[in-house]
Amino acid sequence: MAGMEPFGLSGILMAAGVFARLYGGRARSRAALWGTAPLLPAGSLPQGERTAVCGTATSPWPGNGPVSGRPCLFYHHVLERLDVRGTGSSRRREWRLVLDSLWGGFFIVDGTARVLVLPRGATMASYTHEKKSSTGLGLVEGDERSLERRFEEGDAVFAVGTPRSLTEAVERLRERPEEAALPPELVKALVKAAEEGDRTLCLFADGGPFVVGAGEHAAWLAGVRSSGDSAVVGGYFLVGA
């Protein structure tokens, strides 16, 4: 059996290397796809063409984070509850998902114009703020833990997607009302603006690539490329180890 240990270790390293190369390849592919979207001012976004925009998050209709209680424009809240099963040596603790909710929307402004962003359904690259809370020590049946991630007024944000008209955004919400977890005032303003022919563009989950994150678009894209390159290089090293 001792003679089999090097082979076992080699197999583990090779499997890890293959996984790293696959992960890195996917990250490179995503970076290549998202990198083809030009970063443009909000006032120059082409309707119907994938692009990127970066600026400041703002909205006259904030809500409150369910964990932090702070005013926010968009949040993702996850609540888990501890289930304890069995007794003695067979006792097992499992965290069960109770709630996974997203709420809100905001405008990105950059001094040239504004674009409405409805992040629900997007790949969320990062958030500016987060808050954790828990009840108990995570040992007793019924203990809970929560994680809230959010954007607040004035946060630096970016989005990559395909700008659509407000009319298309309203049609999307009517087709999928479950995605309308938005401030009622925002929904009313959106419908009214669409009826009046407002030319403000909107980014929402339309089935194509859609990413929303905190900070600068260039820094995020460089990070995606770097992680992909590092994983690929590490994968080749492990496979050859």
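Guide: In this predicted model, strands (E) are DSSP runs of at least two residues, numbered from the N terminus. On that basis, Thr-162 is placed in the loop between strand E11 (156–161) and strand E12 (164–165).

Visitor: Why is Thr-162 called buried?

Guide: Buried means under 20% relative accessible area, and Thr-162 has a relative accessible area of 12%, so the residue is called buried.

Visitor: Which residues is Thr-162 in contact with, leaving aside its neighbours within four places in sequence?

Guide: With contact taken as heavy atoms within 4.5 Å, Thr-162 is in contact with Gly-48, Glu-49 and Arg-50, and also with Cys-202, Leu-203 and Asp-206.

Visitor: How do you know that E11 and E14 pair?

Guide: Pairing requires at least two bridges found by DSSP, and 4 bridges join E11 to E14, so the two strands, which run antiparallel, count as paired. Within this arrangement, Val-160 stands opposite Val-211 in E14.

Visitor: What makes strand E8 (residues 123–124) a partner of E14?

Guide: The two strands have 2 bridges, in the parallel sense, and since at least two are required, they pair. Thr-123 has Val-211 as its bridge partner in E14.

Visitor: What makes both faces of strand E14 covered?

Guide: Val-211 and Gly-213 on one side are buried, as are Val-212 and Ala-214 on the other.

Visitor: Where does pLDDT stay under 50, and why does that call for care?

Guide: Residues 16–20 stay under 50, with 8 contacts in the model beyond four places in sequence, and residues 228–241 are likewise below 50, with 27 contacts beyond near neighbours in sequence. Where pLDDT is low, the predicted coordinates should not be read in detail.

Key
Residues are numbered from 1 along each chain as its sequence is written. This is a predicted model: local features need pLDDT of at least 70, side-chain atom pairs count only at pLDDT 80 or more; totals for chains, interfaces and linings use all residues. Side-chain values use heavy atoms; hydrogens and water are left out. pLDDT is the predictor's confidence in each residue, from 0 to 100. Buried means under 20% relative accessible area, exposed over 50%, partly exposed in between (1.4 Å probe, protein chains only).
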